[in-house]
Amino acid sequence: MTELAAVKAALKTQAVETPSWAYGNSGTRFKVFAQAGVPRDPWEKLDDAGKVHEFTGVAPTVALHIPWDKVDDYAALAKHAEERGVKLGAINSNTFQDDDYKLGSICHPDVAIRRKAVDHLLECVDIMDATGSRDLKLWFADGTNYPGQDDIRGRQDRLAEGLAEVYERLGDDQRMLLEYKFFEPAFYTTDVPDWGTAYAHCLKLGPKAQVVVDTGHHAPGTNIEFIVATLLREGKLGAFDFNSRFYADDDLMVGAADPFQLFRIMYEVVRGGGFTPEVAFMLDQCHNIEAKIPAIIRSVMNVQEATAKALLVDRGALAVAQRDGDVLEANAVVMDAYNTDVRPLLREVREEMGLDPEPLKAYRASGWAGKIVEERVGGEQAGWGA
């Protein structure tokens, strides 16, 4: 197999999970902006997700968020997904939208509230059993705003205790994915603020616990690719939440703020053996002002482009330059790959997969956007209020 053929083959195996919440209404903490045609329930979200996969060919699964996507019959929801050409993916918990969680959830000083939070996480594992999902994704808004508000070490003990109970409930083929975020909504201490804290808890829990890297959850100047390389080296990188940030956790389209960073991350994934189903590629974005389905399609394409460039790095030439201490040549090898226009290559890949080479144009020509605006009238649109 030629080098180019190998790159094409790898790109055809890529899978990017789309998030159910990205299809609903979203906005800032000041205002949520409604759009015509937005799904009103999880079933319609899956209808839209099916269209993203239809035109990209590499978005075969959809992450759910509980209770946002709660239904009475998850087996029926899974069947509905399959009829739309997709499957249900990670189950995301929600321990941040309840008045009881004002001072935390799994780390709360009140044992009754901790019990409520852990019971919700266990419910999410029950849902995984019903949907056939592999991954339970956990993000906690827990933390404190003021010195002395709570015991920092005590909160870590509570976190470890709650995670351990949920870990023991996981099935043999299920995983716990622990996400971190360095601030917001807590501004003095955050209970899982960085990859090291997440890694320490996952390491203690065992092999079914892995770290999630959300590309928007880092301080300015953080070398995210170093984190990725380290977690891959330790066998603890379980998933990505792809998005972009300009200031903080902006949840903008992946590749929008710094496409070079996305390329650097994807190179470490490729170089470190992370381009496998064991590392889940997931989008975690909110499309506040742009049309949702086209934005998700564009995001998938951005991940594809960064991956293609990463696969094109001449690793042999790079190794020689690194061994020889040729700093400029080593950088040139990386930059040559990044500066390659991979769009013609990806058009070829799509054609070989039986897809339209231009997913966005194909979607716009399909008439789906007009159809959902016409049909989704009445009822309550999915989203979160502000």
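In this predicted model, helix 9 passes helix 12 in a right-handed crossing. Helix 9 covers residues 292-311 and helix 12 covers residues 343-352, and the two pack at an angle of about 110°, with their axes 10 Å apart. Since angles of 65 to 115 degrees count as roughly perpendicular, helix 9 and helix 12 are therefore roughly perpendicular to each other. On the side of helix 9, the residues that take part in the contact are Met301, Gln304, Glu305 and Ala308, and they meet Arg343, Leu345, Leu346 and Arg350 of helix 12. Sorted by class, the residues of this contact between helix 9 and helix 12 comprise 4 nonpolar, 1 polar and 3 charged.

Helix 12 also packs with helix 1, which is made up of residues 3-12, and here the angle is about 65° while the axes lie 10 Å apart. The crossing of helix 1 and helix 12 is right-handed. From helix 1, Leu4, Val7, Lys8, Leu11 and Lys12 meet Leu345, Leu346, Glu348, Val349 and Glu352 in helix 12. The contact of helix 1 with helix 12 holds 6 nonpolar and 4 charged residues, with no polar ones.

| Helix pair | Angle | Distance between axes |
|---|---|---|
| Helix 9 and helix 12 | about 110° | 10 Å |
| Helix 1 and helix 12 | about 65° | 10 Å |

Strand 6 (135-138) and strand 7 (143-144) are the elements that give two or more residues to the lining of the largest pocket. By class, the lining of the largest pocket consists of 19 nonpolar, 15 polar and 14 charged residues.

Two or more lining residues of the second largest pocket come from each of strand 1 (16-19), helix 3 (74-83), strand 5 (87-92) and strand 12 (280-283), and strand 5 supplies the largest share, 4 residues. The lining of the second largest pocket divides into 12 nonpolar, 8 polar and 5 charged residues.

Note on methods:
Residues numbered from 1 in each chain as written. Predicted model: local features only at pLDDT ≥ 70, side-chain atom pairs only at ≥ 80, totals over all residues. Heavy atoms only, no water. Axes fitted to C-alpha atoms, helices over the stretch in contact; angles between N-to-C directions. Parallel < 35°, antiparallel > 145°, perpendicular 65-115°, else oblique. Left-handed = near helix turned anticlockwise from the far one by under 90°. Contact = heavy atoms within 4.5 Å. Nonpolar A, V, L, I, M, F, W, Y, C, P; charged D, E, K, R; others polar.
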